[in-house]
Amino acid sequence: MVQTRKLKDGSRQVILNSTQYEGITRVLSELANKTKASAILFADMSGQLISQRGNTDNMNTTVLSALAASDFAATSEMAKLVGEEAKFKLLFHEGEKRNVYLSNVGEAFFLVVVFDVSVTLGLIRIYTKKAIEDLNGILDDDSGAPAEDEKLIDSDFSSLLGDALDDTFK
Amino acid sequence: MFINWALQEINLKIVYYGPGMSGKTTNLEYIHSKLDPSLTGDLVSLKTKEDRTIFFDFMQIEVGKIKGKKPKFNLYTVPGQVYYASSRKVILNGVDGIVFVADSQPHRMEANIETLLDLESNLKADGQSLESFPWAIQYNKRDLPGVESLDVLQKRLNFFNVPSFEGVAVKGDGVFSTLKSVINLVVQNVQDQL
């Protein structure tokens, strides 16, 4: 499993190790090649972008992942209200030039595929389905180097962050 | 919280909560206008035609590298009107710290309390509580005539004695000090948890 642990205060911490991150990026690259998608994003359900591939230079992918997560969350609430027990598994937005295909990856993550209208939806669905299986496999496998989160934030870090905030928020 | 070891990034989510028109969006607009563009992304606001937040505002800020790590802060606001309760709940997903923007005007006290209770209810649904969660209060609109005294506001809203700040968000007063305080609380909380 990806390291997703509940902290003492009840909040959730998500930690990916390098092996998982590299694996995820590889799957996205493969998907981008096969589908000729304009952009592919992999993010968690709180809107946090984890990895991306494709022509994303002119796209604010940080914002896109935040909006996509809210898209999932909003439609999930809608599903409950209309009596649909299960969450909607995928969302599809059809445009004039570009389409956007969003799909759950397990409970905690999702995939966004932005593609040209000339590419058939069927093609995207087939390759995305395979990519999601691969991603689930990577997320379930935590045999890579463990994340050393115990050394991540110490009192030194806090004090230096405080200084940086003072500088930034002048 | 999301930690990306490969990129040495620590991503934290901070949500601005509060009743309608209390100044949540104004806080973010001020922050966005004052920060160096290299440290902040776009400010995205999903609004109605009347300029009221319909879903959320979002922006990401950085402060550079600290001990080789890159902390990034994702700031969100929620829509304040009562009927957007479901939207507020979804925006709270994955939250690490909260700024509660209270409206200092006496006639908005009930709305402040109702929204605070709404927040507690949403946190409780996720196994958390305002009692232990990293958050701070900003008493906004202190420049308006006839605002409630700080004493009364503290008694009615700050039952957990969290850091509180006076604010005039349109001018920027209290905006950065509130944000800094919550960031420090969040980081301290992360330290305590690990």
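Okay, starting at the N terminus, the elements of chain A go β-β-α-β-β-α-β-β-β-α-α. That comes to four helices and seven strands, where helices (H or I, at least four residues) and strands (E, at least two) are DSSP runs numbered from the N terminus.

Some housekeeping. This is a predicted model, where local features need pLDDT of at least 70 and side-chain atom pairs count only at pLDDT 80 or more, while totals for chains, interfaces and linings use all residues. Residues are numbered from 1 along each chain as its sequence is written, with chains lettered from A and ligands numbered from 1 in the order in which they are written.

On confidence: pLDDT is the predictor's own score for each residue, from 0 to 100. Chain A averages 83, and 85% of its residues score at least 70.

Now, the two chains together. Contact here is C-beta atoms, placed from the backbone, within 7 Å. Chain A puts in 43 residues and chain B 46. On the chain A side, strand 2, helix 1, helix 2 and helix 4 each supply at least two residues, and helix 4 gives the most, with nine.

What about the core? A nonpolar core is a set of buried Ala, Val, Leu, Ile, Met, Phe, Trp, Tyr and Cys residues joined through C-beta atoms within 7 Å; buried means 20 or more other C-beta atoms within 10 Å of a residue's own, exposed 12 or fewer, partly exposed in between. The largest one has 94 residues, and A:I40, A:F110, A:V112 and B:V15 have the most contacts inside it. Helix 5 of chain B, residues 175-193, gives the most to this core, with eight residues.

So which residues does A:V112 touch, not counting those up to four places away in sequence? They are A:I40, A:L41, A:L64, A:A68, A:V100 and A:L102.

Back to helix 5 of chain B: its 19 residues reach 27 Å from first C-alpha to last, close to the 27 Å expected, taking 1.5 Å times one less than the number of residues. Its buried residues include B:F176, B:L179, B:I183 and B:V187.

How values were computed
Contact = placed C-beta atoms within 7 Å.
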